[in-house]
Structure formats: C-alpha cells, structure tokens
Amino acid sequence: MATALDDKAYSKFKDDIYALTKIDLSSYKERQMRRRIDTLITKNGFKSYDEFTAAIKKDKALFEQFVSYLTINVSEFYRNPEQWKHLEEKVFPELLSKFGHGIRIWSAACSTGDEPYSLVMCLSKFLPLDKIRITATDIDDQIIAQAKVGLYKKQSIASVPEEYKKKYFTKITEDSYQISEQIKKCVTFKKHNLLKDPYFKDYHLIVCRNVLIYFTDEAKLEVYKKFNASLVHDGILFVGSTEQVSNYKEIGYTSPKSFFYQKV
C-alpha cells in the first residue's frame, strides 16, 4: 500500500487527473488534498492510484463522485451576516449609484447556489427581480445540478432574513425548503474552472468566498490577479471571512473594508 500510494505515484496521478478532468491538483494544498483522495481510494477498495484512475475512466458514477469529493461544498445562505449587511448597506448602493441598474455580478465557485441566491435576495431590496442577473459558476456538474433544484436544509437557510424566508422559500418537509422560481430565474449557472478556464470580463462585483483557502499561495495570487482583470474600474471583489488578500495593493486593489477589495 505504501508504494502504491507513494509520492511518485501521486505525481503521475495528478497528471492523469489533469488529462481526464482539467482539474490541476498541483494548485491545491497537497497534504490536505492528498489525504482526502487517499481516503476515497481506500474506501472504494482500490489499492493504487492507477487502479482508481482506470476505474473512474469506465465508471461514470464513480467519476462524478470523485469530482464532487474534490470540490469543497460547504455553503450556507448569508454566511457571515455582518458582511452581507455591509454589502447591502454600503456596497450595493455605491455600485448602483456609480454604474446604474445593469450591474453585472459573478458568483465564482458558487457551490450549491446558496451564495448567488443570497445575492439576488439582497439586491431585491434595490431592484425588481426581473432586472437582476447573476452569473454563477462552479467546477462540479453535480453541484450545479443541485443548485438549479434549489432544495436546502433548514440549517442552510438559518441566516436568511425572515422577510425573505417567508417570501421566497416553501417548506417541503420539517427539515427541507425549496427556493422560489422567481429567485432561480435571476441566476444563470455555468461550469467554470478557476484554475484553467478563461475569465469573464466587465463585472462590477465578483463574489468568491471560502474556496481559495484550499489553493496554494501561487494559485491564489493568480486567481486574484485574474479577478482584478475581470472587474471594471472601481469594481469590487468580496472574499470569505477566512481569506485575506495580503498583497492586494501590488495587484491593483484597495481595501475599503476587510474582505472587500476594490479595483483601482
């Protein structure tokens, strides 16, 4: 087992996975990601990386399970409510004042849709729903499909303001709620790999939270630079409460408030 899952074998595995999925495992913190992968391989009864790679090439369900396992899908509505309060009270009014009602918003690595749907509800205070358009992207097809369904556990929507819970959610069971079609229509979901695919252009707000903590420092820097290029002048990048862009001045941002970075 030690030789089947050793450093040399893992290096080849990373190359094989990139060829198969275009997911660059070298951009993730190796110890943490490799531990996750080794656990999955062992749990499924495989003895080597090569054996597992051969299996996911043939077994679509196992392949989808692997991609889903690689992507870190911990999400909830209005995560860190005080930051959403700042977004609502300060960021949205300034963006709307400066750029008008057609602001373009990208929710990157959106996971199960909690974040883009939160953005729609937050923005609904300022604009009618038929004027709100959010682009939401993720690397995982299964997660995007789940986001489009819009079914959530009670725990996931705990921080949603009561007015929006009543207005936009239907209770399905004691522990599950469905988000309304009105909200879903405002979000366009697309598959996108932050480490490989071309980035979108001319966005006024990019939200990417609690994902880059799993990337290497080099990969993080590259992503922050690409986000900067994707923003219009004075556009805003909103990151997670576990993330800080330490060298933000060097890559073209100011930081008017923690976790918010403005392109200069």
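Visitor: How many nonpolar, polar and charged residues are in the lining of the largest pocket?
Guide: The lining has four nonpolar, four polar and seven charged residues. Here Ala, Val, Leu, Ile, Met, Phe, Trp, Tyr, Cys and Pro count as nonpolar, Asp, Glu, Lys and Arg as charged, and the others, Gly among them, as polar. Bear in mind that this is a predicted model: local features need pLDDT of at least 70, side-chain atom pairs count only at pLDDT 80 or more, and totals for chains, interfaces and linings use all residues. Residues are numbered from 1 along each chain as its sequence is written, and side-chain values use heavy atoms, with hydrogens and water left out.

Visitor: OK, and which residues lie nearest the centre of the largest pocket?
Guide: Those are Thr21, Val67, Ile139, Asp141 and Lys191, out of 15 lining residues. The pocket's volume is about 240 Å³. On a 1 Å grid over the protein atoms alone, a pocket is an open set of points with protein on both sides within 12 Å along at least five of seven lines, a cavity is a set where a 1.4 Å probe fits but cannot get out, and lining residues have an atom within 4 Å of a point.

Visitor: Which helices each supply at least two residues of that lining?
Guide: α4 (60–70) and α7 (141–149) do, and α4 has the largest share, with three residues. Helices (H or I, at least four residues) and strands (E, at least two) are DSSP runs, numbered from the N terminus.

Visitor: How many cavities of 30 Å³ or more are there?
Guide: A search of the whole structure turns up two of them.

Visitor: What lines the second largest cavity?
Guide: Its lining consists of Val91, Glu94, Leu95, Lys98, Phe99, Asp234, Ile236 and Gln262. Four of these are nonpolar, one is polar and three are charged. Helix α5 gives the most, with five residues, and α5 (81–99) and β8 (231–239) each supply at least two.

Visitor: Which strands does α5 lie across?
Guide: α5 lies across β1 (105–107), β7 (203–208), β8, β9 and β10 (260–263), and runs at about 170° to β8. Axes are lines fitted to C-alpha atoms, for helices over the stretch in contact, and angles run from 0 to 180 degrees between N-to-C directions. Contact means heavy atoms within 4.5 Å.

Visitor: What's the order of the seven strands in the open sheet?
Guide: The order is β6-β2-β1-β7-β8-β10-β9, with mixed pairing. β6 (187–191) and β9 (253–257) stand at the edges, each with a single partner strand, so one side of each has no neighbour in the sheet. The twist averages 25° from one strand to the next. Two strands pair if DSSP finds at least two bridges between them.

Visitor: Do β2 and β6 pair in the parallel or the antiparallel sense?
Guide: β2 (residues 134–138) and β6 pair in the parallel sense, over five bridges. In β6, Val187 is the bridge partner of Ile134.

Visitor: What about β9 and β10: how many bridges join them?
Guide: Three bridges join β9 to β10, and the two run antiparallel. Lys257 stands opposite Phe260 in β10. The two strands form a hairpin with two residues between them, and Phe259 in the turn has a positive phi of about 75°.

Visitor: New topic! Where is Asn80?
Guide: Asn80 sits in the loop between α4 and α5. Its phi is near 60°, a positive value in a residue other than glycine. Ser111 has a positive phi too, near 55°, and its place is the loop between β1 and α6 (114–123).

Visitor: And what order do the strands of the three-strand sheet have?
Guide: That open sheet runs β3-β5-β4, with antiparallel pairing. β3 (151–153) and β4 (169–173) are its edge strands, each pairing on one side only. Four bridges join β4 to β5 (residues 176–179), and Lys171 has Tyr177 in β5 as its bridge partner.

Visitor: Last one: at roughly what angle do the axes of α1 and α2 cross?
Guide: The axes of α1 (residues 7–21) and α2 (residues 30–43) cross at roughly 85° and come within 13 Å. The two helices are therefore roughly perpendicular to each other; that label covers 65 to 115 degrees, while under 35 is roughly parallel, over 145 roughly antiparallel and the rest oblique. Asp7, Tyr10, Phe13 and Lys14 in α1 meet Glu30, Met33, Arg34 and Ile37 in α2.

How values were computed. Grid points are joined across faces, edges and corners, and a volume is the space filled by probe spheres set on the points.
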